[in-house]
Amino acid sequence: MNVAAGVAHSDTLQALAPHERGRATRAPARVALLGTGTVGGAVIARLAAWRDAPLGQRLSLVHVANSRRAVVGEDGIAADAAVSALAGSARASSLDEVAFALDGEGARVVIDATASEAVAERHPQWLAQGIHVVTACKIGQGTSLARWRAIREACALGGSGYGDSATVGAGLPLLRSLRELQNGGDRIHAIAGVLSGSLAWLFNNYDGMRAFSALVRQARDAGYTEPDPRDDLSGEDVRRKLLILARASGVALDAGEVEVASLVPAELAILSKDSVDAALPALDAPLRERYAQAYKNGEKLRFIARLERGEDGRATAKVGLESLPGDHPLAGGAGTDNKVAIWSDRYRTQPLVIQGPGAGAEVTAAGLLDDVLRLVG
């Protein structure tokens, strides 16, 4: 260490409060990043921006992988060089080596920035080994009830944490708010919300004049929808998000208990991915008719997820397009905003409403790293 750097480090320690000095001398958490696409790339960019900041000193990126290649650096990988190092790596990606790469002093964290079933299957295994898992992937907690329970049990077994803030609302304080309300003795009665950034954008912009199919193409080309827009229009992504919210609210629903009304006509659903674009106009007539009826009633179309819990504890859950009065709490919004209303003992007559960007690589990456920092202390 050169003298100038040593003096700067000493000054930093002196400026910290006693509990912060302990944090500064603690070994940095060892981090494995899986997935270097849009969200994973934003995580890398954020880590690179923190390189010389106190936050950056708390984390050491030691493993980076995509579906094909991996790069491992026992003493850390410079975030600003991670992408080029991965591109030049001859090391094949293997989920089996993630835990070995993380072995060492300090907390251990896997950041799952993939949409991979195979990676989600590993979450309980890593958690049981004492490795924290932070993810934006909904496959872990938003599919089968058995996997959700396995994740909870693995956290208890390994003394580890599961960071899931980015799975619903791209890091908005939805799950945290639900859990904090319950920890304070509140009981959740109902949740309703716009949970898809892509569907929010579509219905915030649809005016009944322009063909809905043209708007879908625009949203796809802008990156708001999946490459196959049926993945968004089917409502399956929203089902997973509603399951995560329901389970966080104390309602252990299974996937089949959520009723989903897809926007995809049968003739469009059966087509191959390559044939979808030409057949998108099948959406136009049904959506034009629904819009005209809503407009006539002074209402707005919104794609809504709903959970309602009776006094006997039984719950109903559904996902689909609704026509809402103009003054409804969920009728507003702009762009890709998610907007969620929560009714509870505390918020019985007027719901708690949380709104903000529900899509975007940067906000999702921020949510992931917020969870990492919270877990490693």
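**View 1. The lining of the largest cavity in this predicted model is made by Val194, Ala200, Asn204, Arg302, Gly332, Gly333, Asp337 and Lys339.** Two elements, α10 (197-205) and β11 (337-344), each give two or more residues to this lining. Sorted by residue class, the lining of the largest cavity holds 2 nonpolar, 3 polar and 3 charged residues. The space inside the largest cavity comes to about 40 Å³, and a search of the whole structure finds 1 cavity of 30 Å³ or more.

**View 2. The largest pocket of the predicted model has a volume of about 1,100 Å³.** The lining of this pocket is made by 35 residues, and the ones closest to the centre of the pocket are Val39, Ala136, Lys138, Glu226 and Asp237. The elements that contribute two or more residues to the lining are α3 (38-49), α10, α12 (230-233), α13 (236-248) and α17 (361-376), and the element that gives the most is α13, with 4 residues. By class, the lining of the largest pocket divides into 12 nonpolar, 15 polar and 8 charged residues.

**View 3. Helix α7 (residues 117-128) packs against helix α8 (residues 145-158) at an angle of about 30°.** The axes of the two helices lie 6 Å apart, and, since angles under 35 degrees count as roughly parallel, α7 and α8 are therefore described as roughly parallel to each other. On the side of α7, the contact is made by Glu117, Ala120, Glu121, Pro124, Leu127 and Ala128, while α8 brings Arg147, Ala150, Ile151, Ala154, Cys155, Leu157 and Gly158 to the contact. Taken together, the residues of the contact of α7 with α8 comprise 9 nonpolar, 1 polar and 3 charged.

**View 4. Residues 35-154 carry the UniProt annotation "domain: Aspartate/homoserine dehydrogenase NAD-binding", which comes from an unreviewed entry.**

**View 5. Residues 173-373 are where UniProt, in an unreviewed entry, places the feature "domain: Homoserine dehydrogenase catalytic".**

Methods: Residues numbered from 1 in each chain as written. Predicted model: local features only at pLDDT ≥ 70, side-chain atom pairs only at ≥ 80, totals over all residues. Heavy atoms only, no water. UniProt positions renumbered as here; feature names shortened; annotations may be inferred. 1 Å grid on protein atoms, 1.4 Å probe; cavity = no way out; pocket = protein on both sides within 12 Å on 5 of 7 lines; lining within 4 Å. Points joined across faces, edges and corners; volume = space filled by probe spheres on them. Nonpolar A, V, L, I, M, F, W, Y, C, P; charged D, E, K, R; others polar. Axes fitted to C-alpha atoms, helices over the stretch in contact; angles between N-to-C directions. Parallel < 35°, antiparallel > 145°, perpendicular 65-115°, else oblique. Contact = heavy atoms within 4.5 Å.
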